[in-house]
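Reader: Before we discuss the assignments, please show me the model, and then let me ask how each term was decided.

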Amino acid sequence: MLIGLAAGFACQAQKFDLVIANGHVMDPESGLDAVRNIGITAGKIRAVSAKALSGRQTIDARGLVVAPGFIDIHSHGQDDENYRFKARDGVTTALEMEVGVWPVDAWYRARGGKALINFGATSGHIPARMAVMHDSGTLLPRDNAVNRAVSEAEVQQTFNDVRNGLEQRALGIGLGIAYVPWSSRDEILRIFGLAAERRTPIYVHMRNPGPVEPGVVDSLQEMIGDAAATGAPVHIVHVTSMAFRQTPLALQMIDGAKKRGLDITTECYPYTAAMTDISSAVFNTGWQERLGVSYGDLQWTATGERLNSETFQKYREQGGMVVIHSIPENMVKLALTHPGVMIASDGLIDHGKGHPRGAGTYSRVLGRYVREQRALSLMEALRKMTILPAQRIGMPNKGRIRAGADADIAVFDAAHVIDRATFEKPAQYSDGIPYVIVNGVVVVEKGQFRTGVFPGRGLRR
Ligand SMILES: [Zn+2]
């Protein structure tokens, strides 16, 4: 009793760096769903209390939801332009897990002390292979790694490079089999073996999408088979843009594998279109059948125009990002509301051009699917944005509101939060997220950026 009182007094006397007062705190890990005050000092949450707390700075969060900052485990945009769109969408950690990076150390070094939000990446099989085969593509391969068979020596060199990236404490292994179609099933199985040995997940864009074999079913069977054979944890990226109308079947396969003890997870984004590089292997002969779309379903991001056979040829030679309108809305909703499926953006904004998911994913889920359509509860949506990805990346102090957790926090207005980014104008900040805090530092204040603050840290294993 006395100890309790003493702790109470100590708490009252303490002055925190920052207090978020009277907000509606929602923490999906603990289920806390009540008005609380949060005390933050030196980048960490130190107190979550029903009693008033005193701070050198106080944010009045009355009427606002206070949640763990969102963790985007699929974020290709890894520069200041993208981090700003992320922050205004409530994201406090953006990770490049699918493509990954190589070399790993140099990538982290380039961002240290200069990032608005937390960042991190996997050791990337694609960039390692591009370096080994001298492919001229930027994010994705477009010539040497696509057009010619890979030699055993090149397979071994890629493997060594990926392993080397893990030694530099990357967050797992990034794999995009569809983009390096000469990767044999044997090679992929070896990479799974490496992931299992290091007890780190593989984040994978599978071999093929769609209903025509080889398609999504056998691609998923490859992943489940390799995970079962090796014990590697595996995360299947953007399930809806691989499975399309077969999303229920894909989720059934993933759930079944999970039930039988495999560590397998997946994610989706809240849009009916995908985006990738038109010069990549995704558009090799047969793409119409594989993706179930034709020229008119392709939208060139640089201009917003829909394509025809002539413009398709022109841009394929040139290279660049193209939006693919290929995912039925009912499949988007099904994946978004399916238990255990995480929300992740797959976003990339390049000088204001791109897919709106790079700017609006999280507020779109909160505004459109939670508030307007009541497709899922607010707590469930937050779970998919915070604790599920935090558990996947194995970070016990991320994605939580509790004493001792990193002070990464999104404060939003549940009645007004909404995305503004569109396919025509993707570079538009979301609305209704007045405060975002990264490692205890306020980066968005009253809906505006604070200038000159770069509290984001590189996350490593
Ligand atoms: Zn992908």
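Reader: How do you know that the span of helix α6 agrees with its 16 residues?

Author: Helices here are DSSP runs of H or I with at least four residues, and strands are runs of E with at least two, numbered from the N terminus. The expected span is 1.5 Å times one less than the number of residues, so the 16 residues of α6 (residues 152–167) should span 22 Å, and the end C-alpha atoms, 23 Å apart, agree with this. This is a predicted model, in which local features need pLDDT of at least 70, side-chain atom pairs count only at pLDDT 80 or more, and totals for chains, interfaces and linings use all residues. Residues are numbered from 1 along each chain as its sequence is written, and side-chain values use heavy atoms, leaving out hydrogens and water.

Reader: Which residues of α6 are called buried, and what makes them line one face?

Author: Buried means under 20% relative accessible area, exposed over 50% and partly exposed in between, with a 1.4 Å probe and protein chains only; in α6 the buried residues are E154, V155, T158, F159, D161, V162, G165 and L166. Taking directions from the helix axis to the C-beta atoms, these buried residues fall within an arc of 160 degrees, so they line one face of α6.

Reader: Why are E98, H205 and H238 called donors of the zinc ion?

Author: Donors are N, O and S atoms within 2.8 Å of the metal (3.2 Å for Na, K and Ca), and sites may look incomplete because water is not among the atoms; E98 (OE), H205 (ND1) and H238 (NE2) coordinate the zinc ion at 1.8 to 2.4 Å. E98 lies in strand β7 and H205 in strand β10, so this pair ties together parts 107 residues apart in sequence.
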